[in-house]
Amino acid sequence: MSENPLHAIFQVFEGISHCVQTHLSQLGGLATKQSPTNGRPIFSLSSPFKANQLISADATPTIVQPKEVPNEGKSATPVTKEELGRATWTFLHTLASQYPDNPTRQQKKDVKQLMDILSRMYPCKECADHFKEILRVNPVQAGSQAEFSQWLCHAHNVVNRSLGKVVFPCERVDARWGKLECEERACDLQGTSTTNFW
């Protein structure tokens, strides 16, 4: 039987998960502490089936409960609009820093679609509508990593101005959001992994 077509997608997700976990641990000062996941990726491919097996329609799904994560002083309330915004900008700027210098036509299309989807589905309607207007006036520029990073920085500054926040100097965007430090190019959009997770 041929290999499960989702295998490659799962490998990419596990690689991204490991990279994000490593990066967040370093940012949070947890690099010297024991990881709550004991070095395993946050997203794991551990599953009750193998790549060459199919799951029958009547199979009972396994419900996996997340492990307890130390609260470290944060309340158990939903994220605020500000927290969501910071997390979204962190994701987008990190994506832009990893964006290829010579993107394929598909990568350009994907990043433009991502911005469009955010403008329609972002959990804060007011924010989504504002982003939709930003996209209308300033269409996504994604011809290269530098172009996309600069476009995103300028779009972020439009939001900052509207909120009365300090404008970030876009000439420093690479210094602030440069490439993630991941082993074996695991964070590259075009990176590959040779690890077999099945």
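**The disulfides and the helices around them**

Among contacts in the protein chain between residues at least 6 apart in sequence, 66% join residues at least 24 apart.

Visitor: Which residues are joined by the disulfide that involves C153, and in which parts of the chain do C153 and C170 lie?

Guide: This is a predicted model, and what follows should be read with that in mind. A search of the whole structure finds 2 disulfides, and the one you ask about joins C153 to C170, with an S to S distance of 2.2 Å. C153 lies in helix α5, whereas C170 lies in the loop between α5 and α6 (173–177), so the pair ties together parts that are 17 residues apart in sequence. The link of C153 and C170 is left-handed, with -95° about the S-S bond, and both C153 and C170 are buried.

The side chains of H93 and H156 are joined by a polar contact of 2.8 Å. H93 counts as buried because its relative accessible area is 4%, which falls under the 20% cut-off.

The other disulfide joins C124 to C127, with an S to S distance of 2.4 Å. The link of C124 and C127 is right-handed, with 70° about the S-S bond. C124 counts as buried, at 11% relative accessibility, while C127 is partly exposed, with a relative accessible area of 27%.

Helix α4 has 13 residues and reaches 19 Å from its first C-alpha to its last, close to the 18 Å expected at 1.5 Å a residue. The buried residues of α4 are A128, F131, I134 and L135. Seen down the axis of α4, these buried residues fall within an arc of 120°, so they line one face of the helix. The face turned away from that buried side carries the exposed residues K125, E126, R136 and V137.

Helix α3 (residues 105–121) can be read in the same manner. Its 17 residues should span 24 Å at 1.5 Å a residue, and the end C-alpha atoms are 24 Å apart, which agrees. In α3, Q107, V111, M115, L118 and S119 are buried. Seen down the axis of α3, its buried residues fall within an arc of 120°, so they line one face of the helix. On the other side of α3, R105, R120 and M121 are exposed.

Of the 198 residues of the protein chain, 28% count as buried. The accessible surface of the chain comes to about 14200 Å², of which 57% belongs to carbon and sulfur atoms.

Notes
Residues are numbered from 1 along each chain as its sequence is written. This is a predicted model: local features need pLDDT of at least 70, side-chain atom pairs count only at pLDDT 80 or more; totals for chains, interfaces and linings use all residues. Side-chain values use heavy atoms; hydrogens and water are left out. Buried means under 20% relative accessible area, exposed over 50%, partly exposed in between (1.4 Å probe, protein chains only). A polar contact is a pair of N or O atoms within 3.5 Å; within protein, one must be able to donate a hydrogen and the other to accept it, and residues adjacent in sequence count only if both atoms are side-chain atoms. Helices (H or I, at least four residues) and strands (E, at least two) are DSSP runs, numbered from the N terminus. The expected span of a helix is 1.5 Å times one less than its number of residues. The arc is that of the directions from the helix axis to the C-beta atoms. A disulfide is a pair of cysteine sulfur atoms within 2.5 Å. Contact means heavy atoms within 4.5 Å. Accessible areas come from the Shrake-Rupley method with a 1.4 Å probe; for residues, only the protein chains shown count as cover.
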